[in-house]
Amino acid sequence: MGRYDEVFQRSIHDPEGFWGEAAEAIHWYKKWDRVLDDSNRPFYRWFAGGELNTCYNALARHVEGGRADQVALIYDSPVTGTIRKFTYKELLDQVSRFAGALKGLGVGKGDTVIIYMPMVPQAAMAMLACARLGAIHSVVFGGFAPHELAIRIDDAKPKVIVSASCGIEVKKIIEYKSMLNKAIELAEHKPKACVILQRPQAKAEMISGRDFDWDELTAKAEPAACIPVKASDPLYILYTSGTTGKPKGIVRDNGGHAVALRWSLENIYDTKPGEVYWAASDVGWVVGHSYIVYGPLLTGCTTILYEGKPVGTPAPGAFWRVISEHDVKTLFTAPTAFRAIKRDDPQGEFLKKYDLSRFKYLFLAGERLDPDTYHWAHNLLHKPVIDHWWQTETGWPITANCVGIEPFPIKPGSSTKPVPGFDVQILDSNGAVLGPTQEGLVVVKLPLPPGTLPTLWQADERFLQSYMKIFPGYYFTSDGGFRDEDGYVYIMGRVDDVINVAGHRLSTGEMEEILAQHADVAECAVFAVHDSLKGQVPLGLAVLKAGARKDDAQLKKELVQMIREKIGPIACFNEATVVGRLPKTRSGKILRGTMRKIADGEPYTIPSTIDDPAILGEIEEALKKVGYAHKK
Ligand code: COA
Ligand code: AMP
């Protein structure tokens, strides 16, 4: 038995022994009573009875342990021309002061705080400051429109919102503060206070009595101490797209999260204390939570917070510059970023300018890694290019090539093997376990390992319905896939209405709910079509109400604008067209999957349940008019 098999088998057959040992790497104020409390299945609780503080483990512990002068965080911002390094001591000082500022605004254990910020170090500081106080943060990605922020404000009911005057998208200034004002106007719940980081690129007007300046407030705040919390207390809520307009509030606990992330850095990413880890993502996504902020800091690594893009800030060599300038050992990003670099620098000319000799691994996730991108990256870098699969729900990888345990040969198209702790199975739609090479629904046998979602924020029943009741005894991932004869897992894509645009998770169901509000739309369907850069982009088809007289171009403009306004530019919804009718099953279900195949020019079979097969021809014609449905 190889090393990986040994570790994996132990994690499944003796989870308490396995994770109990891993938990020794974390500082506890009080040790747990039970490693795994399974008395209320499927609501499992890890390290029940234990008490810790995540911020203490991420900062003060390293300062006390000899890393005070090691760089903890490098803020690299080509869009503002800034590189700023914070040692563990400096970061601890800033975080405890900001925690003091939040405390002064009445934030304490169990309170919620929304963080709506661009990629500035203060975003990470705000997260850690909440953790320090035992408050629960909820970071909302800056590309979301006020309407989306308002939905999250009403669900999380924050006491305080932390934001900034603006973000910078390549050269565009995005005024966060005006979007925040609008969101608060739209929301029913009103925060008690907002803390605003004033950036020189655009100063925001402050509302007296509600808005506080980050710098002023922090300057006069007393540093706040760490508050011990229960292992099962929430550290954060992160909203992610479900199949409807109401996002799911994924809850992350303190104890399991700290243990799992600390373990993952060395065992999955082969990255040790003192080494430099860079996740080129955004703090608004789970990757940013786990691998810009918590994972590297819990491990005593140096993390990089990059405010820029893979291309255009200023060139497709941006990633190579950051890697060589900061001695990055491990880079984690989305395949889209590499497709963008490939598009702008297909021969990899920019790479020649930089020394990447200390760079060891490229990890990719967030969407399927297509073999073309894999081969391009591998041939260019001559380093392991590792696909790994995970979800906001799990918080860390479900399948990966665990190079810190035992590296496996790479098979392009596969995210390698289940990570220890995740008992991955493939089921058919009736719940029967499928054998090798048989494609089906991917599930994880319960219990899930530490660090994964214990529930949804104040929505236990939705948690059960969405993940636990479909196949009792298993967590349903909503992804389809298979395993090969060697146990390698292949993830083929979502089986629900969630799509992936440039590694960003979006709900077509939500888009349909928005488009249906247009006065001329009788019904509509949104599905994902292939995009050579972003992997997928949404496309809308609308059936007009009788008597509606909008011309196609005008209607498209209005529908595109509706999605930009309600969800945000990040939805990349740029194409919509009118059709006479939509193909449905006899029971009325819209055949989105079949339309996607037609749009992408893929072969498809006419579903036996279809109401009227002739509609498919009409759809094909309509899609051809907007540049789709050309056979491959
Ligand atoms: N705040 C405000 N707006 C944002 C934003 C943010 N944080 N991030 C993106 N947007 C806006 C963009 O300005 C753009 O708006 P526009 O339509 O008005 O031009 C829109 O959202 C789409 O942005 P994006 O998806 O970034 O597309 P792009 O064409 O500008 O760039 C890539 C393409 C590939 C360079 C970019 O998608 C990218 O860097 N992808 C990597 C993805 C990633 O890191 N995913 C994280 C998961 S691990
Ligand atoms: P998110 O919650 O935003 O991380 O999105 C999770 C979804 O992204 C998964 O359910 C998958 O559909 C997709 N995904 C993430 N990583 C991969 C991967 N390596 N391969 C294929 N799909 C992936």
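A polar contact is defined here as a pair of N or O atoms within 3.5 Å; within protein, one atom must be able to donate a hydrogen and the other to accept it, and residues adjacent in sequence count only if both atoms are side-chain atoms. The model is predicted, so local features need pLDDT of at least 70 and side-chain atom pairs count only at pLDDT 80 or more, while totals for chains, interfaces and linings use all residues. Residues are numbered from 1 along each chain as its sequence is written, chains are lettered from A and ligands numbered from 1 in the order in which they are written, and side-chain values use heavy atoms, with hydrogens and water left out.

Ligand 2 makes polar contacts with several side chains. A polar side-chain atom of Gln-391 lies 3.0 Å from an oxygen atom of the ligand, and Asn-500 also places a polar side-chain atom 3.0 Å from an oxygen atom of ligand 2. For Arg-494, an N or O atom of the side chain is 2.8 Å from a ligand oxygen. Taken alone, ligand 2 exposes 500 Å², of which the protein buries 94% (accessible areas by the Shrake-Rupley method with a 1.4 Å probe; for residues, only the protein chains shown count as cover). The shell of ligand 2 holds 14 residues, the closest being Asp-387, His-388, Thr-392, Asp-479 and Arg-505; a residue is near a molecule if one of its heavy atoms lies within 4 Å of it. By class, this shell has 3 nonpolar, 5 polar and 6 charged residues (Ala, Val, Leu, Ile, Met, Phe, Trp, Tyr, Cys and Pro are nonpolar, Asp, Glu, Lys and Arg charged, and the others, Gly among them, polar).

Around ligand 1 there are 22 residues, of which Lys-172, Lys-309, Pro-310, Lys-534 and Arg-564 come nearest. The shell divides into 11 nonpolar, 6 polar and 5 charged residues. Ligand 1 lies between domain 1 (3–308 + 388–482) and domain 2 (502–625), because both give residues to its shell; the domain bounds come from an automatic or database assignment. An oxygen atom of ligand 1 is 2.7 Å from a side-chain N or O atom of Lys-309, and for Lys-172 the corresponding distance is 3.1 Å. A backbone N or O atom of Gly-142 lies 3.5 Å from a nitrogen atom of the ligand. Alone, ligand 1 exposes 950 Å², and the protein buries 80% of that.
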